Amino acid sequence: MAGIPHASTCGGRARCMLCRVRVRSGMPLPAPAEVERRVLERLGADWQSVRLACQLRPTHEISVWPLVPPEASKAFLQRRQLRGMAEERFAAFMFVDMRDSTQLAADRLPFDSIFILNRFLSAVCAAVVQAGGLPNQFLGDGVLAIFGLGTEPAMACRQALAALPLVAVNIGQLNAALQQQLPKPIRFGIGLHCGRTVIGEIGFRDHVTFAALGDPLNVAARLEQLTKEIGCETIVSEEVFRQAGVSAISLPQLAAQLRGREDPVPVRVLRNTARDVSGLSPTLAIHPA
Ligand code: FES
């Protein structure tokens, strides 16, 4: 009613605990009903200061501070859906790598390098999430993102293609913000491919991570490496365009010879990611998951 967004995945039924708020008020609050009291006990919370927003019915003006950011609902749901899931499914895989990161680290204090790397990873991940993908692994100075965990192949590939210019724009903005600190703008390389892989959790005890295994993933990683060799920003396999129903006829074509594969992989080369994607037909819209 006060227009304060809250995280929630249970529809206000005292189950997800995401709507919890810290209450800042000198006046006593109404005691929680049984269902809320049990949840607060599990949280170890004092009900005079922490409450479930969906259950509390204040009798006077109060000031509340949501304890979980509203956007956490989506990530929470995604993680919960993925937990325990092991299956073979189609997805699009995007490797995004920061160029010259070794040089960047050599030229500055470790703290500064980590700061810049974190800003880079945030810029990439924000673009991936905006387009409907899931940042899956951080690999040193790069990110693996997966598209299609909850969508059909065509949408997965369209989301991945739509993420490309978002990544480029976010990194452009980062370069503008860090202009004073950087000797030259941060550059990036992206490899994008799709196909069926095995997806599930791997790890040991509490150290479990969600991972994809399979050839499409390796191809995406090698396409990203190939961007360094041919000096372009992005390489996308023809298969991604085919699945997405997008014509890439305007982009230079290449038969990529990749290590460990006999047959070349037909790909398209994007020298300027934002400009090249804007010239595709049909135009790509953002379809968040
Ligand atoms: S909305 Fe889920 S516990 Fe309140």
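## Basis of the model

The model is predicted; local features require pLDDT of at least 70 and side-chain atom pairs count only at pLDDT 80 or more, whereas totals for chains, interfaces and linings use all residues. Residues are numbered from 1 along each chain as its sequence is written, and side-chain values use heavy atoms, with hydrogens and water left out.

## Overall fold

The chain contains eight helices and 11 strands. Helices (H or I, at least four residues) and strands (E, at least two) are DSSP runs, numbered from the N terminus. Of the 289 residues in the chain, 45% are buried; buried denotes under 20% relative accessible area, exposed over 50%, and partly exposed in between (1.4 Å probe, protein chains only).

Contacts (heavy atoms within 4.5 Å) between residues at least 6 apart in sequence join residues at least 24 apart in 71% of cases. The accessible surface of the chain is about 15,400 Å², with 54% belonging to carbon and sulfur atoms; accessible areas come from the Shrake-Rupley method with a 1.4 Å probe, and for residues only the protein chains shown count as cover.

## Nonpolar cores

A nonpolar core is a set of buried Ala, Val, Leu, Ile, Met, Phe, Trp, Tyr and Cys residues joined through side-chain atoms within 4.5 Å. The largest one has 48 residues, and M94, F120, F147, L161, L164 and L192 have the most contacts inside it. Two or more residues are given to this core by each of β4, α4 (110-131), β6 (142-147), α5, β7 and α7. Helix α5 provides the largest share, 11 residues.

Leaving aside neighbours within four places in sequence, F120 is in contact with V96, D97, M98, D141, I171, L174, I186 and F188. Another core, of 13 residues, lies apart from the largest one and includes F93, F95, A212 and A220. In soluble globular proteins, nonpolar side chains tend to be buried together.

Strand β6 is largely enclosed by the rest of the structure, because six of its six residues are buried. G142, L144 and I146 point one way from β6, while V143, A145 and F147 point the other way. In a regular strand the side chains alternate between the two faces of the sheet.

Two strands pair if DSSP finds at least two bridges between them. Strands β4 and β6 run antiparallel and are joined by six bridges, with A92 opposite F147 in β6. Strand β5 (residues 134-139) also pairs with β6 in the antiparallel sense, over five bridges, and Q137 stands opposite L144 in β6. The hairpin of β5 and β6 has two residues between the strands, and G140 takes a positive phi near 65° there.

## Salt bridges

The structure holds 14 salt bridges, each a side-chain nitrogen of Lys or Arg within 4 Å of a carboxyl oxygen of Asp or Glu. R51 and E36 form one of them (2.9 Å, N to O). This pair links distant parts of the chain, with R51 in strand β2 (residues 50-52) and E36 in helix α1 (residues 34-43). R51 is buried, at 1% relative accessible area, and E36 is buried, also at 1%.

D100 and R187 meet at 3.0 Å, N to O, across 87 residues of sequence. D100 is partly exposed at 36% relative accessibility, and R187 is partly exposed at 45%. Within helix α7 (residues 238-244), R242 and E239 lie three residues apart, about one turn of the helix, and their side chains form a salt bridge (2.8 Å, N to O). Elsewhere, E34, R37, R38 and E41 are linked in a network of salt bridges.
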